[in-house]
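Work through the two exercises below with the structure open. Each task is followed by its solution.

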Amino acid sequence: MRGREVPVETRHQFREELLRIEEAALEGLDMVVHALELTTTALDGQDARHASLVIGGDDRIDDRYLEVHESILSLIAREAPVATDLRTVAAILHTIRHVERMGDQCVNICKLIPLAGNEPPVHTAILGRIDEMSQRLRLQILDAKRCFSERNLALADVVARSDAQINRLNREIFQIALEVGNDFDTREWAMHMMLVARCLERIGDNAVDICEQVAFVVTGKFREFSDASHPNIGRSSGDAPWRGV
Amino acid sequence: MNTRPAKPQETIFVTTPESIPERGTLSPPTAPGTGDQTAGYAAPSEAPNGLGVELQDLHAHYGQQHAVRGVSLTFASNKVTAIIGPSGCGKSTLLRCINRMHEEIAGATATGRVLLDGRDVYEQGLDVVSVRRAIGMVFQKPNPFPTMSIFDNVAAGLRLTGTKGVDLRERVERSLVGAGLWDEVKDRLGSAGAGLSGGQQQRLCIARTIAVEPDVILMDEPCSALDPIATLRIEELIDVLKARYTIVIVTHNMQQAGRVADSTAFMLSGELIEVGPTSQIFTKPDDDRTEQYVSGRFG
Amino acid sequence: MSELVPISPRRRRTDLIMRGIFAAGTMLALVPLGFIIYYLLRRGLGAWSWHFFTSDPTGRFLGDPGGIKSAIIGTILIVVLATAIAVPLGIGVALYLVEYGKRGRLANIVRYFIDVMTGVPSIVFGLFIYIVLILSGGFGGFAAWKGSVALSLLMLPVVTRSSEVVLELVPNGLREAGLALGSPRWRLIGRVILPTALPGLVTGSLLAVARAAGETAPLLFTAFAVNATTFNIGQQMNSLPIQIFNDVRQAQDRIVDRAWGGALTLVVMILLATLVARLISRRSHSA
């Protein structure tokens, strides 16, 4: 407020409601982290039981999506948010969609596990990288959550950088899988691991998208941190063509 | 001096129009239920003819009280500009300075320039009557003249200014059509103006204002005293009117500013804080104080 | 939770006592009025007759004293002339106060003096006109129009005050609307403000008329009295208050009765004027 007197807070209920919806959406990220941890365990042990837990638990994430979506619509209809509030509302809607996508990716990974066979070959080059991707992702998602709740754009850069590594690991896994050998079982397993890596890479992209939403809320401008046409991290790709005003 | 495209009637000050040439035929009101949004409104038959208004360092006082502090602002021609701000921020005072109604209050003074198409309305020796014919005003509380019929009300502006040589019947009909009221009152032009509903009365006042063919229409919270449906009808009317007039509307209803205005200006404590395209003011305002106000954090 | 209880007997009793007190007070105030009406009717109605209204006072003490025709006509003439002077002037002053002067210094001074004028005894107006217009010698002797001038001085503050109130009641929004249309103020007054205020102005003027019609003192020194009916306002003229004043002091009963008849006539005329005023204001409110 820069030295001006603090204005009396009005619209208390509206602000509290908006905050609650935001927290509910961000909690979805916690659910995704939990699903990711279970997925990692399932991957390590080729454990069908953990996999089915993830698949069943995705309902909670989907429910959370519906709940947040409905609350946002109701808020817009009743309260007519403008300016920063309006951008926040738009960001929450995008974010919860990304949460739901991330949950779906975990489910996709888990669906691949029983297909990998009961006596899988242990290929540390691939498995090691998968593990590294999972660990990074976990931190990445938590950072994205903090980025949103704190409106902290420095964390957005951290997430973007981490995602560059995820992309690198994904490419490496792809290369290794190509040269994995002649054994049919091993090749089949490697294919599946490649798909798993791709799902993980997608999760990473969703986390970066959430940070882009945070940048939009704070600056009012939409900036792609990285996409297929501009693989360099941290550099602004210029304004997206549909930026308003 | 005039570089604007030719207009049949000059509304530059002090001259009185001798006669109004034919402006094109009135379009007959379309049947109800045809879904035509402009039903009952005359289609403008010529180029838009509102004029731009520019305020330069405008100050206004009520005695010692400094109500408007150095406001410089441009109102683009044939556009709607809304002025928003909390109570007492000076927006109504600012509006009244534009058509020199401010000086009608005892002890009220104003300095600065108000340019209508480049000519200062506060110029020495200028006939204030001619200023007010070029810049009309619609007030918060509908105020049709109670002793006059609907016809007389619409013609009142012409009669009160001593305008000669105008076909009153034609002008009254055209004005009522332009205000979207013709269909509802054409059979009872002789009945009392005060016998209409609030929304109809306000549209009657609008008809009265446009009957003198101003270039600019000022509106001081025109819908505050009306119910939501009447409000929406008037907002629709504003959208049609801007094709022919420049409109400045003071409103405390931000949703209304959002619906009708091309540009929005935000005032606080007599100062102009920010002005810009309406959608920018309401999605990403530049100034913190604007953000606070439109988000409802104070007001 | 608040409880809803029936009215207590003590409250009811207090209520009834207060109502009784107010009713008694009202009755008390109406008693003198009742007496006046009773006496007027009792003593005055008897004097009314066709002869009473159609013949002039003869001035004779014995025999037929005549009627009050000249007095009625005189009152009407004098009061109409006074109205013609006082009402336009009064409304004009009120217009100045409301539309132009407002709270300015001159306007406040004018208001103050108008208020003072309402308190001036009517006989002072009569004396003033007597001194200025009669004793000074330049304007001749007693004359009806001088009586009218004296009455108009009496009416002026009443008309001004009531007109000022009525004009201030005209909603300011109408003035704003007219000014914003580009109307000069004088046209606004003529075409909007006066027509809107008209019923109230008429009512106020009629009440001033009713007041002036009954004043005796100003006429004593100005119009004086003659018996014959005359329409010449440059000469002395009879009027009801003077006639009553003279008659009531006579010894003859018939003449005194004529005084009562005259008083009743005057009251009825004033009553009619007041009724007309009320009708006009009621019609304008319901419109």
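**Exercise 1: the interface**

Solution. The model is predicted.
- Step 1. Count the sides. Chain A puts 20 residues into the contact, and chain B puts in 15 residues.
- Step 2. Take the area. Between them, chain A and chain B bury about 1,400 Å², with 49% of it on carbon and sulfur atoms.
- Step 3. Look for salt bridges. The count is 1. The partners are B:Arg297 and A:Asp85, whose closest N and O atoms lie 3.7 Å apart. This pair qualifies because the cut-off is 4 Å.
- Step 4. The rule finds 5 residue pairs across the interface, both residues at pLDDT 80 or more.
- Step 5. Locate the chain A side. α3 (83-112) and α6 (184-219) of chain A each supply at least two residues. α3(A) gives the most, with 5 residues.
- Step 6. Sort the chain A side by class. It holds 9 nonpolar, 4 polar and 7 charged residues.

**Exercise 2: a strand in chain B**

Task: Is strand β7 of chain B mostly covered or exposed, and which strands pair with β7(B)?

Solution. 
- Step 1. Find one neighbour. β6(B), residues 135-138, runs parallel to β7(B) and is joined by 4 bridges. B:Val138 has B:Met219 as its bridge partner.
- Step 2. Find another. β8(B), residues 246-250, also runs parallel to β7(B), with 5 bridges. Here B:Leu218 stands opposite B:Val248.

Notes
Residues are numbered from 1 along each chain as its sequence is written. Chains are lettered from A and ligands numbered from 1 in the order in which they are written. This is a predicted model: local features need pLDDT of at least 70, side-chain atom pairs count only at pLDDT 80 or more; totals for chains, interfaces and linings use all residues. Side-chain values use heavy atoms; hydrogens and water are left out. Contact means heavy atoms within 4.5 Å. Buried area is the accessible area (1.4 Å probe) that two parts lose on being put together, summed over both. A salt bridge is a side-chain nitrogen of Lys or Arg within 4 Å of a carboxyl oxygen of Asp or Glu. A polar contact is a pair of N or O atoms within 3.5 Å; within protein, one must be able to donate a hydrogen and the other to accept it, and residues adjacent in sequence count only if both atoms are side-chain atoms. Ala, Val, Leu, Ile, Met, Phe, Trp, Tyr, Cys and Pro count as nonpolar, Asp, Glu, Lys and Arg as charged, and the others, Gly among them, as polar. Two strands pair if DSSP finds at least two bridges between them.
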